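Open the model in your viewer and keep the sequence panel beside it.

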Amino acid sequence: MSHKLILPEGYRSKLTLQETEKGIKLVKDLFERNLAELLNLERVSAPMFVRPNTGLNDDLNGTERPVSFDILDIKAEVQIVHSLAKWKRMALKKYGFKSGEGLYTDMNAIRRDEELDNLHSVYVDQWDWEKIIEPGDRNTDNLKSVVNKIVSAINMTEDALVAEFPVLSCHLPDEIHFISSQELEDEYPELTPFERECEISRKYGLVFISQIGKYLKSGKRHDGRAPDYDDWDLNGDIIYWSPVLNRCFEISSMGIRVDEKTMDSQLKISNCDYRRDYLFHKMLLNGELPLTVGGGIGQSRLCMLLLQKAHIGEVQVSVWPEEMIRECAGNGINIL
């Protein structure tokens, strides 16, 4: 089996399968309510697929192949979304949201190029959210404020969950440590980016690593990030330390989004000038879209973290290699 599969010694789920299903619903219901209240968000409907020529699909790291199919009646091909990072910004304009207001939605995707392990599935489910901000809000202080509200929503959810299932007990940190990808490289220059994430999250329990996508002093990036949604100076990842898996555990990728200037610069740096002809990019470069902050928060990831599970397949139904299923079953991990 893949060397990436982690089989924690002596692992047993603290909840039965039926309790797990109840816990999943409780987490999802409570967290999205908490998130909406703290960030002033309204729920909206969202697409499962988009036309490629709109430029709305999220390119992630730029190497993942989207799942596509043709629609007979309109004689056109569409792509299943990777995420709704760009669609949300257009929706805010279309629906008439005002500054300080935002939206969230259930995003379901198929990422067929994922390497399957404890945290990664072909099926991706997350809360995609986006909020309109003012020009003066495009700064690090505002980014940190939003991050802290997300952490508060998670902790509020954990408190309610543990009240329902006391066997879980609260285990998540109340405070988050902020560090940039460059500061992280400076602190652990000999380690890989993933190893750095593990070391810093092990140390603090919960961290926000900022400035993902830009080149570091080493000439490398901490991680890839598409050039046309996050501002690489004002974005980051929320990462927990998982005592169950003894490794770092990313729960959210988010950031203040590009304005006209940063979009122009990041497209050039990434050799993606061809995207300027897409509808989304034209509207943004012409100043027709609102300034926003937004991100994605993994639904199954959050359930896995709060229910203290060892494998994402314990909280979602997907497809796994038969050998992985057998190994998990032999080590107390019940794949749904």
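This is a predicted model: local features need pLDDT of at least 70, side-chain atom pairs count only at pLDDT 80 or more; totals for chains, interfaces and linings use all residues.

**Stop 1: the cavity.** Select His 171, Ser 242, Pro 243, Val 244, Phe 249, Met 304, Leu 305, Gln 308 and Lys 309; they line the largest cavity. With a cut-off of 30 Å³ or more, the count is one cavity.

**Stop 2: a helix pair.** Next, select residues 17-39, helix 1, and residues 140-164, helix 3. Their axes lie 9 Å apart, and the helices pack at an angle of about 145°. The crossing of helix 1 and helix 3 is right-handed. Show side chains at the contact. From helix 1, pick residues including Leu 26, Leu 30 and Phe 31; from helix 3, the residues met include Ile 150, Ala 153 and Thr 157. By class, this contact of helix 1 with helix 3 has 14 nonpolar, four polar and two charged residues.

Stop 3: Switch to cartoon. Three strands make an open, antiparallel sheet, ordered 2-4-3. Select strand 2 (49-50) and strand 3 (68-71). Each stands at an edge with a single partner strand, so one side of each has no neighbour in the sheet. To finish, pick Ser 68; the bridge partner of Ser 68 in strand 4 is Gln 79.

How values were computed. Residues are numbered from 1 along each chain as its sequence is written. Side-chain values use heavy atoms; hydrogens and water are left out. On a 1 Å grid over the protein atoms alone, a cavity is a set of points where a 1.4 Å probe fits but cannot get out, and a pocket is an open set with protein on both sides within 12 Å along at least five of seven lines; lining residues have an atom within 4 Å of a point. Grid points are joined across faces, edges and corners, and a volume is the space filled by probe spheres set on the points. Axes are lines fitted to C-alpha atoms, for helices over the stretch in contact, and angles run from 0 to 180 degrees between N-to-C directions. Helices (H or I, at least four residues) and strands (E, at least two) are DSSP runs, numbered from the N terminus. A crossing is left-handed if the near helix is turned anticlockwise from the far one by less than a right angle, and right-handed if clockwise. Contact means heavy atoms within 4.5 Å. Ala, Val, Leu, Ile, Met, Phe, Trp, Tyr, Cys and Pro count as nonpolar, Asp, Glu, Lys and Arg as charged, and the others, Gly among them, as polar. Two strands pair if DSSP finds at least two bridges between them.
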